[in-house]
Amino acid sequence: MEESLNATIDPACLQEPPLAIDVIKQLDVFDFCLYSMLTFMSCISLLLYLELCIFIYKKLPYPKKTTIVWINGAAPVIATMSCFGMWIPRAVMITDMTSNCYFAVVVYKVLVLIIEEFGGSSDFLKRFSGETFRINVGPCCCCCVCLPRVPMSRRLLFWLKLGALQYAILKTVLSVLAIVLWTNGNFDLSDLEITGTAIWINPFIGVLTIISLWPVAIIFMNTNSFLRSIKIVPKYAMYQLVLVLSQLQTSIINILALDGTIACAPPFSSQARGSMLSQQMMIMEMFIITLVNRCLYRRIYDKLPSEAHDNDQNAKVAVQAALVEHDV
């Protein structure tokens, strides 16, 4: 029975991903047009990002401009890495790890951006010190309505920053470890046995991801009402969309490929074809997100309403004082 089953399976479905030259040789007219269009989209995403970086560095003050540059780089970096992975299937492990490590830093930078919109950590603490923040937010504790509200303090802000920063550090370390093990043949996503390294590293990274998303959600959910004027809600939505597409969507496609739901198409095995489809979808999605982010971030930032109101009040007081002084 097993011999007859193995005889029906194309040997290419059991091989490693093809070389880049093999991919190019098997392209027909439609595939060539598709690959060319996706490559063009990834190049446009990168060029738009570089132009946005020039605008931001000229128009915005430090350190906000570096934070915004990091955040806006998520979509074009993922699109560029996906383009490399599409043309060079055997490099998917490295390109995915690069994209994930970059986005791990972006998670921390989103937290930093929200704080910097209030003027930095010191001004943030002056504004919210003593105010109670609700912590029953996703993805950890959205259902735990019984959790008490916690007063904002310097210690709490430190732990929130650390919670987001640990993912950027540990994700990079574990990614480098996974690549080293992969080159030695010890890391295989299809190896789901208890003795495999992937079954231990990937769930641990998932836990780190959830822990890092929680502090960002806490800060956003408690402060977004003050930042409506700078469109913080759509900016946060774009960050969440990149997270879902680059992490959840890719994981679902990989699971379907491992399960055999995504059929083998020589010279691509099921897993290689799933990775190829994931890269192609990612390029199109990140291209659209790059365009939306360009509309959201390519602008001169005004002061927050409260700050503008305080400045108006101070100006009125100064004018009144000057008039009194003149009368005297």
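Analyst: A disulfide is a covalent bond between the sulfur atoms of two cysteines. In a model, a pair of cysteine sulfur atoms counts as a disulfide if the atoms lie within 2.5 Å. The model shown here is a predicted one.

User: How many disulfides does a search of the whole structure find?

Analyst: The search finds zero disulfides. Cys83 illustrates the point: the nearest cysteine sulfur belongs to Cys43 and is 6.2 Å away, and Cys83 is in no disulfide.

User: Is Cys83 buried or exposed?

Analyst: Cys83 has a relative accessible area of 9%, and residues under 20% count as buried, so Cys83 is buried. Cys33, by contrast, has a relative accessible area of 46% and is therefore partly exposed. Over the whole protein of 328 residues, 43% count as buried.

User: Which helices and strands make up the protein, and in what pattern?

Analyst: The protein has twelve helices and two strands. Along the sequence the pattern reads α-α-α-α-α-α-α-β-β-α-α-α-α-α. As for contacts between residues at least 6 apart in sequence, 75% of them join residues at least 24 apart.

User: Which residues make the contact between H8 and H9?

Analyst: From H8 they include Leu160, Tyr167, Leu170, Lys171 and Leu174; from H9 they include Phe204, Ile205, Leu208, Thr209 and Pro215. The residues of this contact divide into 16 nonpolar, four polar and one charged.

User: What can be read from the backbone in the loops?

Analyst: Two places deserve attention. The peptide bond from Tyr62 to Pro63 is cis, with omega near 5°. Pro63 sits in the loop between helix H3 (29-59) and helix H4 (64-72). The other place is Lys231, a residue other than glycine with a positive phi, near 60°.

User: Where does Lys231 lie, and what is its relative accessible area?

Analyst: Lys231 belongs to the loop between H9 and helix H10 (232-259). With a relative accessible area of 39%, Lys231 is partly exposed.

How values were computed. Residues are numbered from 1 along each chain as its sequence is written. This is a predicted model: local features need pLDDT of at least 70, side-chain atom pairs count only at pLDDT 80 or more; totals for chains, interfaces and linings use all residues. Side-chain values use heavy atoms; hydrogens and water are left out. Contact means heavy atoms within 4.5 Å. Helices (H or I, at least four residues) and strands (E, at least two) are DSSP runs, numbered from the N terminus. Ala, Val, Leu, Ile, Met, Phe, Trp, Tyr, Cys and Pro count as nonpolar, Asp, Glu, Lys and Arg as charged, and the others, Gly among them, as polar. Buried means under 20% relative accessible area, exposed over 50%, partly exposed in between (1.4 Å probe, protein chains only).
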